[in-house]
Amino acid sequence: MTQEVRRLWDQVVRIYLLYLVGITLFTNKSTTVVDVVYLRYFRDLDLVDGYSWGAAALAHLYRELNKATRWNCSKVSEYLTLLQV
Amino acid sequence: MHDNDTTPIMVARWWRHRLQDTDLSWLQDTSYSLIDHGLICAFVERWHEETSSFHLPFGEMTVTLKDVSCLLHLPIDGMLQSHEAITRDDAVEWMVEYLGSNPGEALVEVTRTKGAHCRFSYLRRIFKDRMLEKLALET
């Protein structure tokens with residue numbers, strides 16, 4: 001695999017991951033955009049599994065619940081909330 | 001993201017391995033299509049910021065790390081994520097470097113979203129673009 005192809009593959013994987021966390025873990029009120037800041041954790045794709053995604057997701061959920069003075073129900077918050085029932 | 005053009009990639013073995021290595025691949029199968037807004041609202045009303053828990057008639061209840069780990073199969077150990085918000089300029093730079101965005105397009109994204117954000121529609125489009133670029137290189 002040439003370097004160029006490998007670079008393209010890495011970019012494709014990063015795009016997909018950013019999209020994935022944007023629509024699941026780190027949803028926000030706009031529901032159509034994702035914060036580019038999460039790219040920080042995809043810089044080196046071999047290190048992605050070294051991060052505590054669970055803790056980050058929970059922190060985000062708490063924060064969103066705090067902010068939730070109006071409609072602000074992400075898929076994930078639903079997912080976790082149902083467990084409580 | 002899933003359509004006729006991209007499906008061959010999504011089922012490729014290397015792709016699945018690559019995603020499994022990130023520990024995030026479970027998220028692909030994790031979402032509710034049916035959301036009970038009434039139920040969520042009832043819970044949100046009982047959320048208390050000071051204790052980060054729901055106050056229910058029979059006591060307090062909250063979502064724990066263990067719940068996250070059991071339900072979403074995400075790693076709960078490892079490095080903690082910590083970051084400050086980034087500027088629009090940083091966002092453009094990162095998109096160019098890590099996603100291979102065109103600088104002009106990246107600038108349009110941060111301007112349109114009024115912050116260091118980009119739209120899902122944009123991500124879908126460049127996902128496909130990169131695939132085509134890669135195919136062109138191989139043939």
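B:Asp23 is partly exposed, with a relative accessible area of 31%. Here, buried means under 20% relative accessible area, exposed means over 50%, and partly exposed lies in between (1.4 Å probe, protein chains only). The structure is a predicted model, in which local features need pLDDT of at least 70, side-chain atom pairs count only at pLDDT 80 or more, and totals for chains, interfaces and linings use all residues. Residues are numbered from 1 along each chain as its sequence is written, chains are lettered from A and ligands numbered from 1 in the order in which they are written, and side-chain values use heavy atoms, with hydrogens and water left out.

**B:Asp23 and its surroundings**

B:Asp23 sits in the loop between α2 (13–21) and α3 (37–45) of chain B. Helices (H or I, at least four residues) and strands (E, at least two) are DSSP runs, numbered from the N terminus. The phi angle of B:Asp23 is near 70°, a positive value in a residue other than glycine.

B:Asp23 also belongs to a patch of negative charge on the surface, together with A:Asp44, A:Asp46, A:Asp49 and B:Asp21. Such a patch is made of residues with over 30% relative accessible area and no salt bridge, like charges being joined within 9 Å. A salt bridge is a side-chain nitrogen of Lys or Arg within 4 Å of a carboxyl oxygen of Asp or Glu. The place of an Asp charge is taken as its CG atom.

**Other residues of chain B**

B:His73 has a positive phi of about 55° although it is not a glycine. B:His73 lies in the loop between α4 and α5 (88–98) of chain B. B:Val63 is placed in the loop between β3 (59–61) and α4 (65–72). The C-alpha atoms of B:Val63 and B:Ala136 are separated by 47 Å, and these residues are 73 apart along the chain.

| Residue | Relative accessible area | Class |
|---|---|---|
| B:His73 | 36% | partly exposed |
| B:Val63 | 1% | buried |
| B:Cys70 | 48% | partly exposed |
| B:Cys118 | 0% | buried |

A search of the whole structure finds zero disulfides over all chains. A disulfide is a pair of cysteine sulfur atoms within 2.5 Å.

Chain A has three helices and one strand. From the N terminus on, the elements of chain A run α-β-α-α. Of the 85 residues of chain A, 61% count as buried.

Conventions
Patch = residues over 30% accessible without salt bridge, like charges linked within 9 Å, V, L, I, M, F, W, Y side chains within 5 Å. Areas by Shrake-Rupley, 256 points an atom, 1.4 Å probe, with all protein chains shown as cover. Lys, Arg positive; Asp, Glu negative; His and termini not counted.
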